[in-house]
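Please read the points alongside the coordinates.

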Amino acid sequence: MRLDEAASLRRHEVEDALRTGILKLTNTKGGRPRNITLSQTAQDTLGRSIMKVPRGEYVFCPVGRRIHEFKKGVGDFIYLNRKEDQSQ
């Protein structure tokens with residue numbers, strides 16, 4: 001799952017995935033929807049992740065923060081903290 005796909009998840013999408021066991025991604029890089037079968041660990045993690053998220057909000061983006069700023073911040077953090085030697 002790509003950063004953009006994860007960051008764009010809304011609570012109702014995760015609730016649907018928890019009911020069906022399948023996460024339906026619509027905001028994909030290629031623009032084509034795809035489905036991800038969730039393991040029990042993934043379902044447990046997502047279930048905990050949405051506990052305090054208001055309806056209609058993004059699951060991982062803090063309330064009140066713009067989604068594009070959040071994605072850029074996470075992307076920048078990953079870029080700046082990657083290992084120098086990625087050949088392994």
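1. A search of the whole structure finds 6 salt bridges, each a side-chain nitrogen of Lys or Arg within 4 Å of a carboxyl oxygen of Asp or Glu. This is a predicted model, in which local features need pLDDT of at least 70 and side-chain atom pairs count only at pLDDT 80 or more, while totals for chains, interfaces and linings use all residues. Residues are numbered from 1 along each chain as its sequence is written, and side-chain values use heavy atoms, with hydrogens and water left out.

2. One of the salt bridges joins lysine 71 and aspartate 4 (2.5 Å, N to O). Lysine 71 belongs to helix α4 and aspartate 4 to helix α1 (residues 3-7), so the pair ties together parts that are 67 residues apart in sequence. Helices (H or I, at least four residues) and strands (E, at least two) are DSSP runs, numbered from the N terminus. Lysine 71 is buried at 19% relative accessibility, whereas aspartate 4 is partly exposed at 32%. Here buried means under 20% relative accessible area, exposed over 50%, and partly exposed in between (1.4 Å probe, protein chains only).

3. Arginine 34 and glutamate 5 also meet in a salt bridge (2.6 Å, N to O). This pair links strand β2 (residues 34-37) to helix α1, 29 residues apart. Glutamate 5 is buried, at 3% relative accessibility; arginine 34 is partly exposed, at 31%.

4. Within helix α2, arginine 19 and aspartate 16 are 3 residues apart, about one turn of the helix. Their closest N and O atoms are 2.3 Å apart in a salt bridge. Arginine 19 is exposed, with a relative accessible area of 61%.
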